[in-house]
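This report is a guided reading of one chain, meant for someone who is meeting the structure for the first time. Please keep the sequence and the model in view while reading.

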Amino acid sequence: MGISESSISYLIKLLEEKSDVLITTHYNPDGDAIGSSLALFHFLSSQGIKSKVLIPNELPSFLQWMPGVKDAFIYDVNPEICDGLIASADLIFCMDYNGLGRVKLFTDQLRAASATRILIDHHVQPENEFDLAFSIISVSSTSELLYQIIKEAGLVDAITKEMAECLFVGIMTDTGSFSFACNRPETFEIAANLINNGIDVERIHRMVYDTYSESRMRLLGHCLGSNMKVLPEFATAYIWLTMEDLEQYDYQQGDTEGVVNYALSIQNVAVAALFTERGDRVRFSLRSKGEFSVNEFARAHFNGGGHRNAAGGDIFKNMPETLAWFESLLPSYSVEIHKSLANYK
């Protein structure tokens, strides 16, 4: 775990020995997943190492401009080709996820692969499924961690403008434009160093946050106007979206990104949730303020996980059952949530 001289040496040795490198990331990839994966792709290329990026499913439209994304393989588009990539790889990077189950669509293939697996991730409680693990939960993002690995390897001068753009997207999105998970001075030092590589921060911000479709904005209005419930007695608010809601507003991958944060931004709310119906399950996202751990809450009740203040997973119930179950759990946590809110102010 962490970054040590011996782990850096072992990584370099593996890269010298292995010839078929595959970079993977988690299902429903976000800015950090894509940013760290593409940054690693560009970095390896700068070192004369060819690699391929494998993404489980289609990435959001606001990330499709990123340099190198068109070279990535999408598993649910070409599963047979992607299965071949996994089987032939002799080195697999696992970016921004702490267990093989997080890729969902090719978990079994990863477990069966003969390749050496390297974890680069910042989520809590990584599983013991990796041959080499760089896991630091105090960093803002996997992109920040990747930068630190490159720096410790003495190769920070190899960071190109393309790599800097990818790393900056990862840090920016995983900190909500530097509004949370960013109390480390190193986070801002790294951001400044990336800017020194000639990236246009204003353009990057526009490409990520100012390209929403009209239907996405109307979906957001529907969430806030019709499908949000505030429970002041538990300092909690939640939003829900049914399959009918998604169809009505022409849902596209990524349209619910950040929606849960609107519920969390309500005064005197310390816990927020977004529940989205997905066929035979309900996908949930949890957020919290202060010391209340939604990661532990998700692991205890929903077989999910993530960070202390951001977690997610799936619930195999229908929407009414899910919402009723969620509300039934809150009384047991009321004191803890209110204490977290009081200490947060």
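Which residues in α6 meet which residues in α7? The answer comes after a short note on the model and its terms.

## Basis of the description

The model is predicted, so local features need pLDDT of at least 70 and side-chain atom pairs count only at pLDDT 80 or more, while totals for chains, interfaces and linings use all residues. Residues are numbered from 1 along each chain as its sequence is written, and side-chain values use heavy atoms, with hydrogens and water left out.

Helices (H or I, at least four residues) and strands (E, at least two) are DSSP runs numbered from the N terminus.

## Helices α6 and α7

A164, L167, F168 and I171 of α6 meet T187, I190, A191, L194 and I195 of α7, where contact means heavy atoms within 4.5 Å. Sorted by class, these contact residues are eight nonpolar, one polar and no charged; Ala, Val, Leu, Ile, Met, Phe, Trp, Tyr, Cys and Pro count as nonpolar, Asp, Glu, Lys and Arg as charged, and the others, Gly among them, as polar.

Helix α6 (residues 161-174) and helix α7 (residues 185-195) pack with their axes 9 Å apart and at an angle of about 150 degrees, which means that α6 is roughly antiparallel to α7. Axes are lines fitted to C-alpha atoms, for helices over the stretch in contact, and angles run from 0 to 180 degrees between N-to-C directions; those under 35 degrees count as roughly parallel, over 145 as roughly antiparallel, 65 to 115 as roughly perpendicular and the rest as oblique. The crossing of α6 and α7 is left-handed, a term used if the near helix is turned anticlockwise from the far one by less than a right angle.

## Helix α5 and its partners

Helix α5 (residues 142-152) and α2 have axes that come within 8 Å and cross at roughly 25 degrees, and α2 is therefore roughly parallel to α5. On the α2 side the contact is made by D32, G35, S36, A39, L40 and F43, and on the α5 side by T142, S143, L146 and I150. By class, this contact of α2 with α5 has five nonpolar, four polar and one charged residues.

With α7, the axis of α5 comes within 11 Å and crosses at roughly 75 degrees, so α5 and α7 are roughly perpendicular to each other. Here E144, Y147 and Q148 in α5 meet E186, T187, I190, N193 and L194 in α7, and the contact has three nonpolar, three polar and two charged residues.

## The parallel sheet

An open sheet of six strands, with parallel pairing, runs in the order β3-β2-β1-β4-β5-β6; two strands pair if DSSP finds at least two bridges between them. Its edge strands, β3 (73-74) and β6 (132-135), each pair on one side only. Strand β4 (residues 91-95) and strand β5 (residues 116-121) run parallel and are joined by five bridges, and I92 has R117 in β5 as its bridge partner.

Helix α1 (residues 5-17) packs on this sheet and touches β4, β5 and β6, its direction making about 130 degrees with that of β6. Helix α2 (residues 31-46) also packs on the sheet, touching β1 (21-25), β2 (51-55) and β4, and its direction makes about 165 degrees with that of β1.

## The mixed sheet

Another open sheet of six strands has mixed pairing and the order β7-β8-β9-β10-β12-β11, with β7 (228-231) and β11 (305-306) as edge strands that each pair on one side only. Strand β10 (residues 281-288) pairs with strand β12 (residues 310-315) in the antiparallel sense over six bridges, and F284 stands opposite G313 in β12. Helix α9 (residues 214-226) packs on the sheet, touching β7 and β8 (236-241), and its direction makes about 130 degrees with that of β8.
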